[in-house]
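Morning, everyone. Let me put the two chains on the screen and walk through them.

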Amino acid sequence: MSVQNVMIALANRFKGSTLETALGGRIYADSGPADAAIPLLIWTLESVAVSKIFGGAQKFDMNFSFAFYESGDQTTIHTRSSQLETLLATKLSATGFDRVTFVRTNSGVPSFSDDGWTMTDKYKAVGYKG
Amino acid sequence: MATSQYIIGNDGAVTIGTETNDQMKVKSFAVTLSRNSSDLTAFGDTGKRKKLGLLDCTGSLNGIPLLGTGSPITASNSTSGQSLLFYKTTFGTSIAATSTVNTAVLTLKLFDDGTAKAQIVSNVVFSSFAFNSDKSGDASVTASFENGDGNAPVLTWSI
């Protein structure tokens with residue numbers, strides 16, 4: 001449940017955002033629907049490392065990937081990436097956590113295939129419980 | 001009596017006086033109980049002769065600094081820094097030769113089930129606090145401590 005709360009908080013962060021509007025609301029966790037229109041964003045929680053602290057607290061190191069799909073020019077996909085960075089610049093409030101901080105660890109480069117651009121950004125999120 | 005349990009790190013617990021929960025949480029610790037060894041070998045001895053001195057307790061704590069919600073305290077001397085763990089026991093009243101040694105009770109439990117079975121308790125002074133912060137997400141503080149007030153550290157161990 002604990003990591004799920006981070007995912008819920010992240011999904012809530014997208015709601016009503018400039019990024020969500022620009023993507024027509026097509027932001028999906030893990031996988032999108034079949035034949036989904038683009039542009040869209042698929043985000044995935046790739047791994048979670050948990051380390052324990054005396055007293056019962058725990059540190060969560062979470063690695064997220066955000067894959068953008070865009071039909072316009074490659075400049076647009078960079079704009080979406082910047083919008084995501086802005087969106088994650090402030091701390092995330094997740095139930096049970098002190099707070100969750102996102103740091104971009106890898107900025108993707110656009111790749112063109114199947115009449116569309118794709119780019120994947122990676123973020124590390126750190127949060128403490130207890 | 002034969003031992004029947006192996007201690008693993010997760011069994012432990014750490015408290016530093018009453019201030020631990022306010023300013024840092026400990027992730028790991030290292031502690032050494034030691035005595036000075038003096039060489040008293042004399043003419044006529046056919047082997048080394050040594051005596052051990054008083055018991056000392058030294059080590060380090062590695063943890064995560066915590067930020068409170070109260071008003072910030074700016075510590076620039078021993079008085080204003082009294083309530084800051086990072087300041088008080090490093091540069092506090094213990095630096096004055098005439099003052100009471102300013103120690104904190106450090107309890108290092110290697111096994112914690114609510115009773116004292118494997119632990120070291122020492123009245124320590126902290127000789128340093130080393131802070132590290134990484135923009136990519138990690139922050140830590142490492143504290144070095146030493147037995148501080150003339151009383152021997154207390155070791156409790158189930159046998």
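Chain B has two helices and seven strands. Helices here are DSSP runs of H or I with at least four residues, strands are runs of E with at least two, and both are numbered from the N terminus. Along the sequence, chain B reads β-α-β-β-α-β-β-β-β.

A word on provenance. This is a predicted model, where local features need pLDDT of at least 70, side-chain atom pairs count only at pLDDT 80 or more, and totals for chains, interfaces and linings use all residues. Residues are numbered from 1 along each chain as its sequence is written, and chains are lettered from A and ligands numbered from 1 in the order in which they are written.

So, confidence. pLDDT is the predictor's confidence in each residue, from 0 to 100. Chain B averages 84, and 81% of its residues score at least 70. Within chain B, the lowest mean is 61, in helix 1, residues 20-23. The highest is 96, in strand 7, residues 154-157. Residues 92-98 of chain B have a pLDDT below 50. That stretch still has 11 contacts in the model beyond near neighbours in sequence. A contact means two C-beta atoms, placed from the backbone, within 7 Å. Where pLDDT is low, predicted coordinates should not be read in detail. For the model as a whole, ipTM is 0.77 and pTM is 0.83.

Back to packing. Of the 159 residues in chain B, 22% count as buried. Buried means 20 or more other C-beta atoms within 10 Å of the residue's own; exposed means 12 or fewer; partly exposed is in between; C-beta atoms are placed from the backbone. Take the chain B contacts between residues at least 6 apart in sequence: 56% of them join residues at least 24 apart.

Now chain A. Three helices, six strands. The order is α-α-β-β-β-α-β-β-β. Buried residues make up 23% of its 130 residues. Of contacts between residues at least 6 apart in chain A, 55% join residues at least 24 apart.

How does the radius of gyration of chain A sit against a compact globule? For 130 residues the rule gives near 14 Å, and chain A has 15 Å, which agrees. The radius is taken over C-alpha atoms, and the rule is 2.2 Å times the number of residues to the power 0.38. Along its principal axes, the C-alpha trace of chain A spans about 55 × 25 × 25 Å.

Helix 1 of chain A covers residues 2-14. Its 13 residues, at 1.5 Å a residue, should span 18 Å, and the end C-alpha atoms are 19 Å apart, which agrees. The expected span is 1.5 Å times one less than the number of residues. Just after this helix, A:G16 takes a positive phi of about 75 degrees.

Next, the interface. Chain A gives 10 residues and chain B gives 10. On the chain A side, strand 4 (97-106) and strand 6 (116-129) are the elements giving two or more residues. Strand 4 of chain A gives the largest share, three residues.

Is A:R104 buried or partly exposed? Partly exposed, because it has 18 C-beta neighbours inside 10 Å. Leaving aside neighbours within four places in sequence, A:R104 is in contact with A:E85, A:D121 and A:Y123. A:R104 and A:Y123 are 19 residues apart along the chain, yet their C-alpha atoms are separated by 4.2 Å.
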